[in-house]
Amino acid sequence: MLIEDNLPAGTGLPDDGASSSLRDWLAVVAVAIGAFAFVTTEFLPVGLLPRIAAELGVQPGTAGLMVTVPGVIAAISAPGLMLVAGRMDRRQVFLLLTALLLASNMISAFAPNFGVMLVGRALLGAALGGFWTLATAASARLVKPHDSARAMATILTGVTCATVIGVPLGTFIASFASWRASFMATGVLVAVALVAQFVFVPSLPSSAALRLRDLTDLLRRPHPRRSMLMVALVFGAHFSSYTYITPFLLRNANLSMGTITWLLLGFGMIGFISNFAVSSTVTRNLKVSAAAMISLLMFALLALPLLQHSTIGVTALVLAWGVAFGALPLCFSVWIQRATPDAPEAGSALFVSIIQVAIALGSLVGGVVVDHVGISADFLLGSSLGLLGLAALASFGRVEREAARSLACPDA
């Protein structure tokens, strides 16, 4: 148990004993579709990196800015948009951000050069941070309180599906059409999400505006601060390497694009299964679940450069990587919820901001390493960051024991 588990959680609809209505669940599904569309758009360039770089005339490391730029802007917009929104109805904010996402996909699909592409990706970043914050904080308001955990799991399923399926789906579409078709197809998905939110998401008035002080107060508390550091290290480990997985498989492992497409699809499918498998144990053994997945991620990144000439070895390690990262978003979402139950919007905003910083810095530093040292060195960097994340996780046992002793013996 985390040391702040006993703090009061936020409340949703009044719990009169009745089950959430079908319309309530359709609102949750509409948000989940939006989450899927947002995260698919965010990671779409990963599987298309060589194609986009070649057509727009940039190096693969430079093309990684398509992941870095939205990450940087989303890190700012996550808390920034919530501060600016004040008490604005959250339904209106949902619709505005999803409309920005649609514009981002269309600009990216028709970008004549890399500069215009980055403009489209910047629009994604502006919308992404706020949407993530709203989606995680508003889930409990869409259904009855006793259904809030299921609502969050449903939205996280959309996020997890996008994280593990979005990249191979975009690669698959590009394999028989073009990378531009992948962005257009994602734009259609965004349009569906926008219509669903307009029809099903109810008015969500905000009773209190998020203040800058709420964020700073949360960061002064040791447990949330250490939690954010752990999340940053592990997400940095993943995205410093995952952004360049397609060039690695193509150049270092000498796999064909057709094989890579199927392997990334396998990455996504096994990650999807892993998410559901871990969901049955994560609430009972959160720390053990997180430790196991971080260790698996670290091992896969360390071993891939060593076995890059073995097709079987590379395939097994990529699938192991998929198992790890398929479960980690759920592990960390639950972790942050437990670490900040008295400040859900502030916790969500910081969580999203930290993840986007990790994505941006990870892909940026990874791109520099790829261009100047090589992809194998970049994977070793990712493994090192994973080890630091594991060390951060291990430190929580000591912190919790010391807190328990201080509560038992105040004079000490």
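This report walks through the fold, helices, selected residues and cavities of one predicted model.

## Overall fold

The protein chain is built from helices. Its secondary structure comes to 15 helices and zero strands. Of its 412 residues, 56% count as buried. Among contacts with a separation of 6 or more, 87% join residues 24 or more positions apart.

H9 covers residues 222–242. The helix has 21 residues and reaches 30 Å from its first C-alpha to its last, close to the 30 Å expected at 1.5 Å a residue. Of those 21 residues, 16 are buried, so H9 is largely enclosed by the rest of the structure.

Ser 240 sits in H9. Is Ser 240 buried or exposed? Its relative accessible area is 1%, which is under the 20% cut-off, so Ser 240 is buried. The side chain of Ser 240 reaches back to the backbone oxygen of Gly 236 at 3.0 Å. Leaving aside neighbours within four places in sequence, Ser 240 is in contact with Gly 362, Ser 363, Gly 366, Asp 378, Gly 382 and Leu 385.

H10 spans residues 245–252. This helix is mostly covered, with six of its eight residues buried. The buried ones are Ile 245, Thr 246, Pro 247, Phe 248, Leu 249 and Asn 252.

Asn 254 follows H10. It lies in the loop between H10 and H11. Its phi is positive, about 55°, although Asn 254 is not a glycine. Asn 254 is exposed, with a relative accessible area of 58%.

H11 runs over residues 257–279 and holds Ser 274. Ser 274 is buried, at 7% relative accessible area. What lies 2.6 Å from a polar atom of the side chain of Ser 274? The backbone oxygen of Val 323 does. Not counting residues up to four places away in sequence, Ser 274 touches Met 293, Val 323, Gly 326 and Ala 327.

Met 293 belongs to H12, where it is one of the buried residues. H12 covers residues 286–303. At 1.5 Å a residue, its 18 residues should span 26 Å, and the end C-alpha atoms are 26 Å apart, which agrees. The other buried residues of H12 include Leu 286, Ile 294, Leu 297, Met 298 and Leu 301. An α-helix has 3.6 residues a turn, so residues three or four places apart point the same way.

Leu 390 is found in H15, residues 375–408. Leu 390 and Ile 294 are 96 residues apart in sequence, yet 6.4 Å apart in space, C-alpha to C-alpha. Setting aside neighbours within four places in sequence, Leu 390 is in contact with Ala 291, Ile 294, Ser 295 and Met 298.

## Trp 179 in H7

Trp 179 is placed in H7, residues 179–200. At 2% relative accessibility, Trp 179 counts as buried. Its C-alpha atom is separated by 8.6 Å from that of Pro 45, 134 residues away along the chain. Beyond neighbours within four places in sequence, Trp 179 is in contact with Leu 48, Arg 51, Ile 52, Glu 55, Leu 56, Ser 108, Met 117 and Ala 174. With Glu 55 there is also a polar contact between the two side chains, at 2.8 Å.

The table gathers the relative accessible areas of the residues described above.

| Residue | Relative accessible area | Class |
|---|---|---|
| Ser 240 | 1% | buried |
| Trp 179 | 2% | buried |
| Ser 274 | 7% | buried |
| Asn 254 | 58% | exposed |

## Cavities

Rolling a probe the size of a water molecule over the atoms shows where empty space is left. How many cavities of 30 Å³ or more are there? The count comes to two. The largest cavity has a volume of about 130 Å³. It is lined by 16 residues, and the closest to its centre are Trp 132, Val 159, Phe 235, Pro 329 and Ile 355.

Which helices each supply at least two residues of the lining of the largest cavity? They are H1 (22–56), H6 (148–176), H9 (222–242), H13 (311–339) and H14 (344–372). H14 gives the largest share, four residues. By class, the lining of the largest cavity has twelve nonpolar, three polar and one charged residues.

Key. Residues are numbered from 1 along each chain as its sequence is written. This is a predicted model: local features need pLDDT of at least 70, side-chain atom pairs count only at pLDDT 80 or more; totals for chains, interfaces and linings use all residues. Side-chain values use heavy atoms; hydrogens and water are left out. The expected span of a helix is 1.5 Å times one less than its number of residues. Buried means under 20% relative accessible area, exposed over 50%, partly exposed in between (1.4 Å probe, protein chains only). On a 1 Å grid over the protein atoms alone, a cavity is a set of points where a 1.4 Å probe fits but cannot get out, and a pocket is an open set with protein on both sides within 12 Å along at least five of seven lines; lining residues have an atom within 4 Å of a point. Grid points are joined across faces, edges and corners, and a volume is the space filled by probe spheres set on the points. Ala, Val, Leu, Ile, Met, Phe, Trp, Tyr, Cys and Pro count as nonpolar, Asp, Glu, Lys and Arg as charged, and the others, Gly among them, as polar. A polar contact is a pair of N or O atoms within 3.5 Å; within protein, one must be able to donate a hydrogen and the other to accept it, and residues adjacent in sequence count only if both atoms are side-chain atoms. Contact means heavy atoms within 4.5 Å.
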